[in-house]
Amino acid sequence: MKTSELTDLNIAVVGAGYGGAAAAKALSLLGATVNVYEQASQVREVGAGIGLRPSTMDRFRQWGSFNAVAKVSSPSDYFEILTATGEPIMKEAWPGINDFAEETKTHLIHRGDFIEALLGVLPEGMVHLGHKLEAIEDKGGRAVLTFANGNTAEADLVIGADGIKSVVRKQLFSDKEPVFSGEHAYRAVASTDHAYGMVVDDNFRMYIGSRTKIYLLPLRHRNQMSFDITTLSGDSSWNPAMTKDDLLEVVEGFDERIVNIVRDLDLDTVNCRAVYDIDPIDVWHSDSVVLLGDAAHSMLHHQGQGANSAIMDAGALADALQDAESVAVALAKYQSTRKPETDELQRISRQGWAEDEVDDVFPGQKTSTNNQEK
Ligand SMILES: Cc1cc2nc3c(=O)[nH]c(=O)nc-3n(C[C@H](O)[C@H](O)[C@H](O)COP(=O)(O)OP(=O)(O)OC[C@H]3O[C@@H](n4cnc5c(N)ncnc54)[C@H](O)[C@@H]3O)c2cc1C
């Protein structure tokens, strides 16, 4: 689109998570007027870490946000997969480190620091908190949003970046509900001083036991580590109850140091949730409304690609708007660029467990992990 057409564009982003914040940055750099509407009165993230892949970091470089993210993260060279007791299974450099003009490593970051860095590079006044979207009306070349606080907004382009339970998706594109994976994730951040020597460098390690995986992600710049236990469970309540004894039972048979870390955890700081994803949806856009991030393609976390995909979506959407002759054409181009990749990630991430592990825990029950194409 021509520069004058882009600067005339009025864009509303629903959701100030990673995807919404990144899209707001990328699209405002094109010159468009961008407003972000977030339901929460304060944007917060759970205490856990994630790895930002080289391609994600390169997008930040393009948007001038690299330093904001780099200064609250640690560069990492590789990831390693080990058995429950620490015997190595595989070790691999993060893919993509040498794909860019400058060497670009994966960066390990605390989720709270990440959202702060993304929101911190947006112009003052762009994000409107306390705006929970209740209804969206697609009027062809524009759309109208109605919020629970009584406010309304109209835009030439609406981006539904409102997460796995997306209202935009449900009202315009698919009313299918999220699918329970048959997993629980227990996530916490603890001091490296209490890591029993398990944090030795800046690299990510996954320990695989029977029906349980443990992800240990160092946050050296904070003298902390992120500790994520993912285990098979039949309890589909979004925020399942859990005791220290339950947790200790889940890590039985793991390296004694891992068991000790769990023993020391302060349960009040552990985020417990059942894990859900969505089935791929056929269409992500109309002529003036488009889905992005988890709203479009929520996936299980085994590949560590959900937040990364949301950032890549934001980049692809900005590229498409710049290259295409109209918003409608750009949205089609964006979907055709991104959907094959995220469809595949959704599929692969459902294959995190051996068939017999899943069948043992869920005989005859439908979850996303035992409903996979094998
Ligand atoms: C256990 C676990 C571990 C994970 N680990 C990783 C990892 O290592 N690496 C990785 O890349 N990804 C990981 N992910 C996935 C990652 O967290 C998500 O893919 C990512 O948060 C998606 O970002 P998003 O902006 O699309 O959605 P969200 O982060 O869900 O943000 C959506 C935003 O929209 C707002 N919102 C929702 N509804 C409304 C409404 N009606 N009106 C206004 N605002 C609304 C929400 O409040 C929120 O701020 C993990 C996920 C889980 C569950």
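Val36 has Val127, in strand β8, as its bridge partner. Strand β2 (residues 33–37) and β8 pair in the parallel sense over two bridges, where two strands count as paired if DSSP finds at least two bridges between them. Helices (H or I, at least four residues) and strands (E, at least two) are DSSP runs, numbered from the N terminus. This is a predicted model, in which local features need pLDDT of at least 70 and side-chain atom pairs count only at pLDDT 80 or more, while totals for chains, interfaces and linings use all residues. Residues are numbered from 1 along each chain as its sequence is written, and side-chain values use heavy atoms, with hydrogens and water left out.

Strands β2 and β8 belong to an open sheet of five strands with parallel pairing, in the order β8-β2-β1-β12-β18. Its edge strands, each pairing on one side only, are β8 (127–128) and β18 (289–291).

| Helix | Strands touched | Angle between directions |
|---|---|---|
| α2 (residues 18–29) | β1, β2 and β12 | about 170° with β2 |
| α11 (residues 327–349) | β12 and β18 | about 15° with β18 |

Arg169, in helix α6 (residues 167–172), is buried (under 20% relative accessible area, 1.4 Å probe, protein chains only). Arg169 has no salt bridge, and the nearest side chain of opposite charge, Asp162, is 6.7 Å away, whereas a salt bridge needs a side-chain nitrogen of Lys or Arg within 4 Å of a carboxyl oxygen of Asp or Glu.

Methods:
Buried < 20%, exposed > 50% of the residue type's maximum accessible area, 1.4 Å probe, protein only. Lys, Arg positive; Asp, Glu negative; His and termini not counted. Contact = heavy atoms within 4.5 Å. Axes fitted to C-alpha atoms, helices over the stretch in contact; angles between N-to-C directions.
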